[in-house]
Amino acid sequence: MLLIKNAVIVDPATEGGECGDGMFKRDILIEDGMIRRISPRIEETETVNAEVINAEGLKAGPGLVDVHVHFRDPGFTYKEDIHTGAAAAAAGGYTSVVMMANTAPAIDNPETLSYVLEKAAETDIHVYACATITEGLKGQKLVDMEGLFERGAVGFTDDGIPLMDEQLVKEAMLRASALNVPLSFHEEDPAYIVNNGIHAGSASEYFGIGGSDRMAEISLIRRDSELALLTGAIYDCQHISTKEGVELIRQAKRRAVTAKKGRIHAEATPHHFSLTQNALIEHGTLAKMNPPLRTEEDRMAVIQGLADGTIDLIATDHAPHSSEEKARALTEAPSGIIGLETAFSLAVTHLVREGHLSLKTLFDRMSMAPAGLYHLPGGRIAEGTVADLVLFDDTKEVVYESFCSKSENSPFTGQKLFGSVEMTICSGRVVYRK
């Protein structure tokens, strides 16, 4: 049993609040993994043997939910494993994460799915898994979606590899729609890419090499948003990076509402709303990711998309790599950065403090909306809901010098940010304490 005293609660589904938009000061009583009572005052004498947490000066939000993480298990556990990934998530305020399926072997069969879910059940947070859309990530034959869904897959994705067969995408959408589960797409057409992870613009010009043209993303978002409207699928556009892509999603969402068919979603990563292609010039491979960091105009379009709800999900695309891999030449090093431990601070710094999002809206994008997409518990702070919470100080400066993740491939190391995760509570248990 836990009794949290004097917390300013931020609930994304609550209107009003004496402390500002969706915020109110309350005590929270947690018992058997659930929020049992929320009240202006709960006396300690009313609760026997409860651990009392004085949250004076802190805010409490619903535990963060990340629908896009890579825990590298099986196959690449020197970079990360499910246990270290879950620890990194807890340190970042996350209580639920959804693992991607591009492991080795890929999560395209019941045996590998069972393996990752069994390991996930041993962690301190809720760890879910997607299965692949195609067998072996080859883009040729669909997996047994129905069978894998029955065995616990919460969605399907070939993340990391774009699907180029339009008819296969359409069939996948029809089958996933029947299951009412999302399909998440990595939208980068290789026909427009010379070197992955490098924007075709001032960054590629600086290094004197070819890069990734913005049309790589635009062309596939245009195709797949149309297919989602046609099939009625739940379509999730991953890590959106271009202003044109944002506008295509905005238009598709409006059409879906009008037609009452299809559900359109989009993810923004913290690095795409925090950095531009200039970071690649400054940090080299530590700022190399797919899709690449683009222009300031693109960054601001992503932020505007988050503000108006066009982009409804903030997802880290947590992608650990070893120091040796990131030490390779720019065109040879793998793309991707870690993100779970810095995401909340980056969001507070670049979205909330700069006036683009309120804390209430931020917790919608980082908790309630992602939980809703995958039909997961959480995303709220209300009586009778699961006790997944994060206690934080959004005014506190924080500098990240080390990480709980096995890897340290981040361009944000040493930067001064705002927004400190002080404690993470999952199913009523303290799983991280600063």
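Where is the place of His-375? His-375 sits in the loop between helix 13 and strand 14 (389–399).

1. **Basis.** This is a predicted model, in which local features need pLDDT of at least 70, side-chain atom pairs count only at pLDDT 80 or more, and totals for chains, interfaces and linings use all residues. Residues are numbered from 1 along each chain as its sequence is written, and side-chain values use heavy atoms, with hydrogens and water left out. Helices (H or I, at least four residues) and strands (E, at least two) are DSSP runs, numbered from the N terminus.

2. **Two histidines.** His-375 is not a glycine, yet has a positive phi of about 60°. His-239 is not a glycine either, and its positive phi is about 30°. His-239 belongs to the loop between strand 11 (234–237) and helix 7 (243–259). Buried means under 20% relative accessible area, exposed over 50%, and partly exposed in between (1.4 Å probe, protein chains only). His-239 is buried, at 2%. His-375 is partly exposed, at 44%.

3. **Cis prolines.** Ala-104 and Pro-105 are joined by a cis peptide bond, with omega about 5°. Pro-105 is in the loop between strand 7 and helix 2 (110–120). The bond from Asn-290 to Pro-291 is also cis, with omega near -10°. Pro-291 falls in the loop between helix 9 (278–283) and helix 10 (296–308).

4. **Helix 6.** Helix 6 covers residues 215–231, 17 residues in total. From first C-alpha to last it reaches 24 Å, close to the expected 24 Å. The expected span is 1.5 Å times one less than the number of residues. Gly-232 follows helix 6, with a positive phi near 80°.

5. An open sheet has the strand order 6-7-8, with parallel pairing. Two strands pair if DSSP finds at least two bridges between them. Strand 6 (64–69) and strand 8 (126–129) are the edges; each has a single partner strand, so one side of each lacks a neighbour in the sheet. Strand 7 (residues 94–99) pairs with strand 8 over 4 bridges. Val-98 stands opposite Tyr-128 in strand 8.

6. **Helices 12 and 13.** Helix 12 (residues 343–352) packs on helix 13 (residues 359–373) at about 140°, with axes 11 Å apart. Axes are lines fitted to C-alpha atoms, for helices over the stretch in contact, and angles run from 0 to 180 degrees between N-to-C directions. Among the residues that meet are Phe-344 and Leu-351 in helix 12, and Phe-363 and Met-366 in helix 13. Contact means heavy atoms within 4.5 Å.
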